[in-house]
Amino acid sequence: MCRNIRPLNNFAPPATPEEVQAAALQYVRKVGGATKPARANEEAYARAVAAISAATQELLDSLVTTAPPKDRQVEADKARERARARYA
């Protein structure tokens, strides 16, 4: 799994379409093995990103949880602290 793809479920505010698109793009690039596809493969990459974005949004919309939504800023601060401890 690509380390740059972040969990998108149970955040307040919910994941934006741009975040879903970015996660789908990272996934397709990882699986396809190219950051920038050849011109001959651009359409295939675009179709895959669109399909994965739609599936991801459908998944996020259908998930149910009893946990309270996580605050984006608090989670970002925790991630920065973990990185600081790891790389200090």
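Is Glu81 buried, partly exposed or exposed? Glu81 is partly exposed, with a relative accessible area of 44%. The model discussed here is a predicted one.

**Salt bridges**

- Side chains of opposite charge can pair when their charged atoms come close.
- The count of salt bridges in this model comes to five.
- One of them joins the side chains of Arg72 and Glu19, with a distance of 3.0 Å from N to O. Because Arg72 lies in helix 3 (residues 72–87) and Glu19 in helix 1, this pair ties together parts that are 53 residues apart in sequence.
- Both partners of that pair have intermediate accessibility: Arg72 is partly exposed at 26% relative accessibility, and Glu19 is partly exposed at 27%.
- A salt bridge is also formed between Glu75 and Lys78, whose closest N and O atoms are 3.4 Å apart. These two residues are three residues apart in helix 3, so about one helical turn separates Glu75 from Lys78.
- Glu75 counts as partly exposed because its relative accessible area is 23%, a value that is not under the 20% limit for buried residues. Lys78 is likewise partly exposed, at 42% relative accessibility.
- Glu81, the residue of the opening question, takes part in a salt bridge with Arg84, in which the closest N and O atoms are 2.5 Å apart. Arg84 and Glu81 both belong to helix 3 and stand three residues apart, about one turn of the helix.

**Asn10 and the segment before strand 1**

- Asn10 is placed in the segment before strand 1 (11–12).
- With a relative accessibility of 16%, Asn10 counts as buried, because the limit for that class is under 20%.
- A polar atom of the Asn10 side chain lies 3.2 Å from the backbone oxygen of Pro68.
- When residues up to four places away in sequence are not counted, Asn10 touches Thr65, Ala67, Pro68, Pro69 and Lys70.
- The backbone of Asn10 has a positive phi of about 65°, although Asn10 is not a glycine.
- Most residues other than glycine have a negative phi, and most peptide bonds are trans.

- Phe11 is found in strand 1. Phe11 is buried, with a relative accessible area of 14%.
- Leaving aside neighbours within four places in sequence, Phe11 is in contact with Pro69, Lys70, Asp71, Arg72 and Glu75.
- Phe11 and Val28 are 17 residues apart in sequence, and their C-alpha atoms are 24 Å apart in space.
- The peptide bond from Ala12 to Pro13 is cis, with omega near -5°. Pro13 is placed in the loop between strand 1 and helix 1.

**The second largest pocket**

- Rolling a probe the size of a water molecule over the atoms shows where empty space is left.
- The second largest pocket has a volume of about 240 Å³. It is lined by 15 residues, of which Ile5, Arg6, Leu8, Ala23 and Thr56 are the closest to its centre.
- Helix 1 (17–32) and helix 2 each supply at least two residues of this lining.
- By residue type, the lining divides into twelve nonpolar residues, two polar residues and one charged residue.

**Ala54 in helix 2**

- Ala54 is found in helix 2 (residues 42–62). Ala54 counts as partly exposed, at 46% relative accessibility.
- Ala54 and Val20 are 34 residues apart along the chain, and 8.6 Å separates their C-alpha atoms.

Definitions and conventions: Residues are numbered from 1 along each chain as its sequence is written. This is a predicted model: local features need pLDDT of at least 70, side-chain atom pairs count only at pLDDT 80 or more; totals for chains, interfaces and linings use all residues. Side-chain values use heavy atoms; hydrogens and water are left out. Helices (H or I, at least four residues) and strands (E, at least two) are DSSP runs, numbered from the N terminus. Buried means under 20% relative accessible area, exposed over 50%, partly exposed in between (1.4 Å probe, protein chains only). A polar contact is a pair of N or O atoms within 3.5 Å; within protein, one must be able to donate a hydrogen and the other to accept it, and residues adjacent in sequence count only if both atoms are side-chain atoms. Contact means heavy atoms within 4.5 Å. On a 1 Å grid over the protein atoms alone, a cavity is a set of points where a 1.4 Å probe fits but cannot get out, and a pocket is an open set with protein on both sides within 12 Å along at least five of seven lines; lining residues have an atom within 4 Å of a point. Grid points are joined across faces, edges and corners, and a volume is the space filled by probe spheres set on the points. Ala, Val, Leu, Ile, Met, Phe, Trp, Tyr, Cys and Pro count as nonpolar, Asp, Glu, Lys and Arg as charged, and the others, Gly among them, as polar. A salt bridge is a side-chain nitrogen of Lys or Arg within 4 Å of a carboxyl oxygen of Asp or Glu.
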